[in-house]
Amino acid sequence: MKLLVLGAGAWGTALAVSASARHEVRLWLRDAQQAQALRAQRENSRYLPGVVLPAGLAVSDAPFDELASRVEAHDLAIVATPMAGLRPMLRQLAQATVPVAWLCKGFESAADHPDGLLGHEIQAEVAPQLKGGALSGPSFAQEVARGLPAALVAASADAQVREALVQAFHGPALRVYANDDLVGVEVGGAVKNVLAIATGLCDGLGLGLNARAALITRGLSEMSRLGVALGARADTFTGLSGLGDLVLTATGDLSRNRRVGLLLAQGQTLEQVLQSLGHVAEGVYCARAVVQRAARLGVEMPISAAVVALLDGVLTPPEAVAALMGRLPRAETP
Ligand SMILES: NC(=O)C1=CN([C@@H]2O[C@H](COP(=O)(O)OP(=O)(O)OC[C@H]3O[C@@H](n4cnc5c(N)ncnc54)[C@H](O)[C@@H]3O)[C@@H](O)[C@H]2O)C=CC1
Ligand SMILES: O=C(CO)COP(=O)(O)O
């Protein structure tokens, strides 16, 4: 297959490296200088240091407005930008006839769009003809790039997109499962980032393993409630993009979202935390949209709401914990 990966952060680069073993892959960057550095060093030292780019992996810095025509020379295009770049990219690719899948996990930030849309909702607005879908699931870029085993989920309402993703990325170290519940897969990928901030905070404050297990379990419950209200299937949330990615991101120290919580617990300001990360932490940008969409649907999301209050500086870390622990007793609902 011929694959075009649009965006060379940690995850786009890792997947391009992984797929290069079996396919012809072109990795596109918007920054010509960075592209030149990748070609010269055969390494993405800014976003994925220590991983050699295979000789067969091509690096492109074609102008953004030429992407629409260039994409047609490929069998599949992967949008590997953060959520903030998805809308402009899908608008650019709106006429593409080849399948297009995105990797970003989030709701569009309330700062970028008042409705806080998921990827497939953005697509419906700006590229309704496109054959679109999402590749998600528990997968730290550094491990996938090193060829360690992982399992992903290829989600789309369109079987052609699911099949293209499986054909492109399923291999000896990556299992790719198909799922037609795109809403559920996207909600799982988005909400787990917000919950990972909460779990990082919990661990950073030294609240113990019991508290962490409670947060993950009740977090999964609020993720599923929102997803089902948005039209997802409940069982998607016990799958790779729900429970799977929640466990990985909430407990794995490679997670940038978890790190946000850990560093806030140490007393750093959000600005200091974001400066030190050097990568995107989508939970920071979409937490407010998660809570606002939930509120419009009458869905209670107390953990996510506490994260928003923390990020806004309305509550300190101990106050956020007190707000959650001080809630009235209630029946355990899934
Ligand atoms: N790193 C990981 O292990 C995984 C990341 N993801 C998701 O993939 C998406 C990208 O994450 P990473 O590659 O890790 O991010 P990163 O922070 O490593 O790199 C971001 C890349 O996007 C580019 N970029 C930033 N803003 C942009 C914009 N507005 N338009 C176009 N390009 C833009 C940057 O130049 C950089 O190349 C995120 O939504 C993340 O949640 C999903 C699975 C695993
Ligand atoms: O989505 C991820 C793993 O599946 C990466 O999580 P972070 O963005 O928190 O690093």
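UniProt positions are quoted here in the numbering used for this model, their feature names are shortened, and annotations may be inferred rather than shown by experiment. With that said, hello everyone, and let me start with one such record. An unreviewed UniProt entry places the feature "binding site" at Gly7, Ala8, Gly9, Ala10, Trp11, Gly12, Ala141 and Arg256.

Two housekeeping points. This is a predicted model, where local features need pLDDT of at least 70 and side-chain atom pairs count only at pLDDT 80 or more, while totals for chains, interfaces and linings use all residues. Residues are numbered from 1 along each chain as its sequence is written, and chains are lettered from A and ligands numbered from 1 in the order in which they are written.

Now the overall picture. The protein has 15 helices and 10 strands; these are DSSP runs numbered from the N terminus, with helices being H or I of at least four residues and strands being E of at least two. Its radius of gyration is 19 Å, close to the 20 Å that the globule rule gives for 334 residues, so the protein is as compact as a globular protein of that length. That radius is taken over C-alpha atoms, and the rule is 2.2 Å times the number of residues to the power 0.38. Along the principal axes, the C-alpha trace spans about 60 × 40 × 35 Å.

Of the 334 residues, 53% count as buried. By buried I mean that 20 or more other C-beta atoms lie within 10 Å of the residue's own; exposed is 12 or fewer, partly exposed is in between, and the C-beta atoms are placed from the backbone.

How is the protein divided? The domain assignment gives domain 1 (2-180) and domain 2 (184-326), with bounds that come from an automatic or database assignment. Their centres, taken over C-alpha atoms, are 24 Å apart. Across the boundary, 26 residues of domain 1 are in contact with 24 residues of domain 2, contact meaning that C-beta atoms, placed from the backbone, lie within 7 Å. On the domain 1 side, α5 (119-126), β8 (132-136), β9 (150-155) and β10 (174-179) each supply at least two residues. The largest share, 4 residues, comes from β9. That side divides into 14 nonpolar, 10 polar and 2 charged residues. For the bookkeeping, Ala, Val, Leu, Ile, Met, Phe, Trp, Tyr, Cys and Pro count as nonpolar, Asp, Glu, Lys and Arg as charged, and the others, Gly among them, as polar.

So where do the ligands sit? Both domains give residues to the shell around ligand 1, so ligand 1 lies between them. Of the 23 residues around ligand 1, Gly9, Gly85, Cys104, Ala141 and His279 come nearest; here a residue is near a molecule or strand if its C-beta atom, placed from the backbone, lies within 6 Å of it. Helix α1 (residues 10-20) gives the most to this shell, with 3 residues. The shell divides into 12 nonpolar, 8 polar and 3 charged residues.

Trp11 is found in helix α1, and with 28 C-beta neighbours inside 10 Å it counts as buried. Not counting residues up to four places away in sequence, Trp11 touches Ala80, Leu103 and Ala141. Gly12 is in helix α1 too, and is buried with 25 such neighbours inside 10 Å.

Two of them to finish. Arg256 lies in helix α11 (residues 256-265) and is buried, with 23 other C-beta atoms within 10 Å. Beyond four places in sequence, Arg256 touches Leu277, His279 and Ala281. Glu282 lies in helix α13 (residues 282-297), and is buried with 23 other C-beta atoms within 10 Å. Leaving aside neighbours within four places, the contacts of Glu282 are Pro82, Met83, Lys105, Gly106 and Asn193.

Methods:
Contact = placed C-beta atoms within 7 Å.
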